[in-house]
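Let's take this one apart by question and answer. Have a look at the fold before we get going.

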Amino acid sequence: MKDARLRQPIYPEYSQALGEAVFTFSILEWNAVWICQRIQPGALSELNPKTAGAISKRLIALGQSLDDSEGKTRLLDGASRFAVLVVDRNNLLHGKPGTDQADGMARLFRAGQPWTVQQIREVADKFSECSIILNDCLH
């Protein structure tokens, strides 16, 4: 049914924050994949499709295989951050939809707590910050 999605009681600000988080994580994830491909040609076909968790583990392993350098240290820092952010992404995207009793609006909940717009924006900023680190390593 056309426009069926509009039946959901969700603030546009909330859905925009979710969209930004999804998009920024996608950029982060693909920066990780392309770094793996640069370090080990052919890694792209091995990693597509894989979970973000599998990609983060592969990135760390490939990063550890590099010769010691400032670039390796920066890459492993970004890769470690990515691994932590995979958990945050999973907590957000695998959250349970529910109604916030405070205002009657739909939210995603994790461990009984609603994801607020501010929390979603904060995690999206973390995704983007890590993506910038990995992008610098890629180029």
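Q: How many bridges join β2 to β3, and which way do the two strands run?
A: Keep in mind that this is a predicted model. β2 and β3 run antiparallel. In that pairing, Arg 110 stands opposite Gln 113 in β3. The number of bridges joining β2 to β3 is 2.

Q: In the hairpin of β2 and β3, which residue takes a positive phi?
A: This hairpin has 2 residues between the strands. The positive phi there is near 55°, and the residue that takes it is Ala 111.

Q: How many bridges join β1 to β2?
A: These two strands run antiparallel as well. Going along the pair, Gly 98 stands opposite Arg 107, while Thr 99 stands opposite Ala 106. The bridges joining β1 to β2 number 4.

Q: Which residue takes a positive phi in the hairpin of β1 and β2?
A: Here there are 6 residues between the strands. The phi in question is near 75°, and it belongs to Gly 104.

Q: Which strands stand at the edges of the sheet?
A: The 3 strands form an open sheet, in the order β1-β2-β3. An edge strand here has a single partner, so one side of it is left without a neighbour in the sheet. That describes β1 and β3.

Q: How many residues of β2 are buried?
A: Buried means under 20% relative accessible area. β2 has 5 residues, and enough of them pass that cut-off that the strand is largely enclosed by the rest of the structure. The count is 4.

Q: What does helix α3 reach from its first C-alpha to its last?
A: α3 covers residues 52-64, which makes 13 residues. At 1.5 Å a residue, 18 Å is expected, and the model comes close to that. The reach is 18 Å.

Q: Within what arc do the buried residues of α3 fall?
A: The buried residues in α3 are Ala 52, Ile 55, Ser 56, Leu 59, Leu 62 and Gly 63. Seen down the helix axis, they line one face, because they fall within an arc of 135°.

Notes:
Residues numbered from 1 in each chain as written. Predicted model: local features only at pLDDT ≥ 70, side-chain atom pairs only at ≥ 80, totals over all residues. Heavy atoms only, no water. Expected span 1.5 Å × (residues − 1). Buried < 20%, exposed > 50% of the residue type's maximum accessible area, 1.4 Å probe, protein only. Arc of directions from axis to C-beta. Pairing = 2+ DSSP bridges.
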